[in-house]
Amino acid sequence: MDLKQAMAARHSVRAYAAKQLDEAALDVILRAGCAGPVGMGRYENLHITVVQDAGKIARISQATQKVTGSQDDPLYGPPAYILLSARAEVDAGISFVNAAGVMQNMALAAAEQGAGSVIIWASSQGIEQDAQLKADLGIPAGYKAVLGASFGYPAQTDSTLKDMGMTISVNRV
Ligand SMILES: Cc1cc2nc3c(=O)[nH]c(=O)nc-3n(C[C@H](O)[C@H](O)[C@H](O)COP(=O)(O)O)c2cc1C
């Protein structure tokens, strides 16, 4: 799959098959993330946590529910959840941009591997507000949870491709 196909195939997946990500696919996803753009090339300003333990994913879901107030599973029952944390002393805006670039590379790699993903905005806030969960996830001291996403294989095959239309307003000067 070339880059254009991966961009067209990537879409948010909100129902997952009960199958763990292949190790090889996970490796491709993580290496894609590590190839993402990070301010000043300071990769040490980010940390990646891969959560595949069902009990811990359930705790992240519950922590997220506390933020959203919803009873539904905000993570959509994935076999894997990937969290990006950033050094707390780095400017929050830079950390979010760093995390977005890394996460997008991982999402595109997942699509290329036949897997799917969805960013769950409130999940990092939920983790950040639960010190015990944060510790149990092994987030290094001095790092703040900034962006998390569910990953796994889609429950239903969806071969819809984006039409790559102009969804965002553009001006040229
Ligand atoms: C910053 C951000 C936060 C998001 N948070 C959520 C979320 O909490 N729950 C969810 O289901 N989707 C979430 N999404 C996914 C968006 O709804 C989705 O990317 C958007 O509707 C475009 O659809 P697509 O990803 O299928 O192209 C988030 C996406 C971004 C970029």
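Okay, let's start at the ligand: the residues of the shell around it split into five nonpolar, two polar and one charged. Before I go on, keep in mind that this is a predicted model.

So who sits in that shell? The ligand is surrounded by His-11, Ser-12 and Arg-14, and then by Val-118, Ile-119, Ile-120, Trp-121 and Ala-122. Two elements, strand S3 (116-119) and helix H5 (121-128), each bring at least two residues to the shell.

Now, the record. UniProt, in an unreviewed entry, puts the feature "domain: Nitroreductase" at residues 8-153. Over residues 8-153, the chain is 44% helix and 19% strand, and the end C-alpha atoms are 17 Å apart.

Next, the sheet. In general, strands of a sheet pair through backbone hydrogen bonds, and they can do it parallel or antiparallel. Here we have four strands in an open sheet, ordered S1-S2-S4-S3, with antiparallel pairing. Strand S1 (46-51) and S3 are at the edges with a single partner strand each, so one side of each has no neighbour in the sheet. On average, neighbouring strands are turned by 25 degrees against each other, if you ignore direction.

Let's zoom in on one pair. S1 and strand S2 (residues 80-87) run antiparallel and are joined by six bridges.

On the H3 side, the contact is made by Ile-60, Ala-63, Thr-64, Lys-66, Val-67 and Thr-68; H5 contributes Ala-122, Ser-123, Gln-125, Gly-126 and Ile-127. By class, that contact has five nonpolar, five polar and one charged residues.

Ala-122, by the way, is also one of the residues surrounding the ligand. That's my tour, thanks!

Terms used. Residues are numbered from 1 along each chain as its sequence is written. This is a predicted model: local features need pLDDT of at least 70, side-chain atom pairs count only at pLDDT 80 or more; totals for chains, interfaces and linings use all residues. A residue is near a molecule or strand if its C-beta atom, placed from the backbone, lies within 6 Å of it. Ala, Val, Leu, Ile, Met, Phe, Trp, Tyr, Cys and Pro count as nonpolar, Asp, Glu, Lys and Arg as charged, and the others, Gly among them, as polar. UniProt positions are given in the numbering used here, feature names are shortened, and annotations may be inferred rather than shown by experiment. Two residues are in contact if their C-beta atoms, placed from the backbone, lie within 7 Å. Two strands pair if DSSP finds at least two bridges between them. Axes are lines fitted to C-alpha atoms, for helices over the stretch in contact, and angles run from 0 to 180 degrees between N-to-C directions.
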